[in-house]
Amino acid sequence: MEVIGIFLTASLGTLLVGMFSSWVDRKVTARVQYRVGPPLFQPLYDVAKLLCKETLISERARGRGFLMAPVVGFAAAAVAAAILWYANLVPSRGFVGDLIVVIYVLTIPAIAGIYGALASGSPHAAVGASREMKLLLAYELPLVMSALVPVIQISRDPDFGATFSLGALVLFQQQAGWTLASASGALAAVVALVCLQAKLTLVPFDVPEAETELMGGSVLEYSGPSLAMIRLTRTLLLAIAPVYFATLFLGGLADAASGWAWLAFAGKYVAVIVLVTLIRNTNPRLRIDQTMRLFWFGLAPVAALALVLAALGY
Amino acid sequence: MSWRTWGLKRSPWVYHVNVGACNNCDIEVLELLTPRYDVERFGIVLVGSPRHADALLVTGICTRQAEARLRAVYEQTPKPCVVFCIGVCACTGGIFRHAYHFSRPVDQVIREMDPKAIIAYVPGCPPKPEAMILGAVKALATL
């Protein structure tokens with residue numbers, strides 16, 4: 001029962017936090033463009049509206065897979081949220097493979113998106129799905145390599161030893177300082193931030209959706225409640241990405257009982273959200289080949305350098 | 001019906017359908033998104049697919065070529081949705097009402113498929129952005 005309670009609280013809480021983040025994202029975007037921007041509860045209105053609308057399924061779609069895919073993606077994102085919050089709130093517990101589970105579970109929303117787009121039977125969505133596949137192949141390697149840097153740092157400490165536990169990483173950073181403060185950690189943080197931008201499929205990595213060329217791409221055929229599920233998954237991911245980044249590189253939530261720690265965590269969270277939004281607003285969309293080149297030949301070597309530096313103790 | 005339209009009134013996403021306009025209304029529609037008018041204040045967002053849309057902004061006289069496309073787009077829009085006839089051409093056919101390529105006014109095409117369709121008219125050549133915002137406010141108030 002405890003587990004179910006933690007899961008529900010974490011996913012619903014993350015949803016609310018995510019809605020606030022997506023409002024911050026839209027508001028900052030509007031301010032960058034000298035506009036006023038939407039009201040605070042706009043993400044809630046959007047979802048409420050979509051839930052009350054009709055669901056259309058095209059004749060060529062495989063209805064069951066088409067409608068199941070968004071639900072699977074949502075569930076996976078909720079699981080990842082629960083694991084990340086648990087590691088921050090109770091760092092002494094959790095199990096040795098937390099980080100691996102989070103990274104794997106976080107790929108499921110993208111795979112569900114690909115499945116749903118291919119099941120929808122639309123050529124635009126098929127192009128979007130193929131681009132999403134390439135994007136996944138591109139960013140997954142540097143993302144995993146950047147996540148290994150804190151793991152190597154912790155494994156050099158005799159008190160902790162080799163572990164993939166997120167809770168241990170939070171405790172380790174309380175003693176040894178933020179991962180970001182070391183040379184290898186700073187390089188890995190930059191790589192991880194760019195990879196998270198791609199994971200959220202935000203500009204400059206929004207080729208799977210590309211409103212101006214694919215008219216919504218992989219989400220083109222979704223309407224009503226199924227589109228609402230996709231938006232909720234995005235909302236969850238937008239909340240998870242800064243928590244993941246803060247846990248690995250910015251020390252996480254150092255002490256769940258202290259108000260100052262919560263305030264500092266909120267500061268880290270908002271800083272990452274605003275950074276992601278500013279990257280989104282100041283960059284043009286990259287073509288899929290440029291994206292793959294950037295990740296494989298640009299960021300992967302940087303991540304490899306960070307791994308070497310971490311192994312040498314910098 | 002009120003709880004069903006609660007969200008719709010606060011976040012109408014629009015899809016822009018050109019069924020034979022001279023581009024003047026289209027330019028004025030895009031002006032709604034600029035900092036001067038910024039309709040995202042009211043939750044109005046331009047979307048790329050009719051399946052995501054709650055409102056169709058139809059511009060131009062409905063030509064014989066475009067009529068079938070307009071029907072298809074209306075069928076692909078999830079209900080409830082609002083159809084906006086932007087500009088005098090979409091409302092009545094305007095100065096092109098006797099032209100050989102003119103089919104019928106937009107509202108007749110939509111009504112024939114769906115007699116209970118919600119249709120709003122924003123006349124003008126082209127209508128000012130303020131007029132379009134007023135039209136949107138009035139149409140959403142009747143929901």
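**The nonpolar core and its surroundings**

The largest nonpolar core has 98 residues, and those that touch the most other members are A:A80, A:A81, A:L84, A:A192, A:I240 and A:F245. A nonpolar core here is a set of buried Ala, Val, Leu, Ile, Met, Phe, Trp, Tyr and Cys residues joined through C-beta atoms within 7 Å. Buried means that 20 or more other C-beta atoms lie within 10 Å of a residue's own, exposed means 12 or fewer, partly exposed is in between, and C-beta atoms are placed from the backbone. α9(A) supplies the largest share of this core, 17 residues.

Before going on, a word on the source: this is a predicted model, in which local features need pLDDT of at least 70 and side-chain atom pairs count only at pLDDT 80 or more, while totals for chains, interfaces and linings use all residues. Residues are numbered from 1 along each chain as its sequence is written, and chains are lettered from A and ligands numbered from 1 in the order in which they are written.

Now to A:L84. Leaving aside neighbours within four places in sequence, A:L84 contacts A:V102, A:L166, A:I240, A:V243, A:Y244 and A:T247; contact means C-beta atoms, placed from the backbone, within 7 Å. There is also a second, separate core of 40 residues, with B:V14, B:V39, B:A53 and B:A139 among them.

Let's turn to a helix of chain A. Helices are DSSP runs (H or I, at least four residues), numbered from the N terminus. α11 of chain A, residues 288-312, has 25 residues and reaches 35 Å from its first C-alpha to its last, close to the expected 36 Å, where the expected span is 1.5 Å times one less than the number of residues. α11(A) bends by about 35° at A:L299, and the proline A:P301 follows within four residues; the bend is the angle between axes fitted to the seven residues ending there and the seven starting there. Buried residues of α11(A) include A:I288, A:F295, A:L299 and A:L309, and their cover includes α5 (123-155) and α7 (183-199) of chain A. After α11(A) comes A:G313, with a positive phi near 95°.

In chain B, B:L140 sits in helix α6 (residues 129-141). B:L140 counts as buried because 20 other C-beta atoms lie within 10 Å. Not counting residues up to four places away in sequence, B:L140 touches B:K9 and B:P12.

Finally, the two chains meet: 25 residues from chain A and 19 residues from chain B make the contact.

Conventions: Helices (H or I, at least four residues) and strands (E, at least two) are DSSP runs, numbered from the N terminus.
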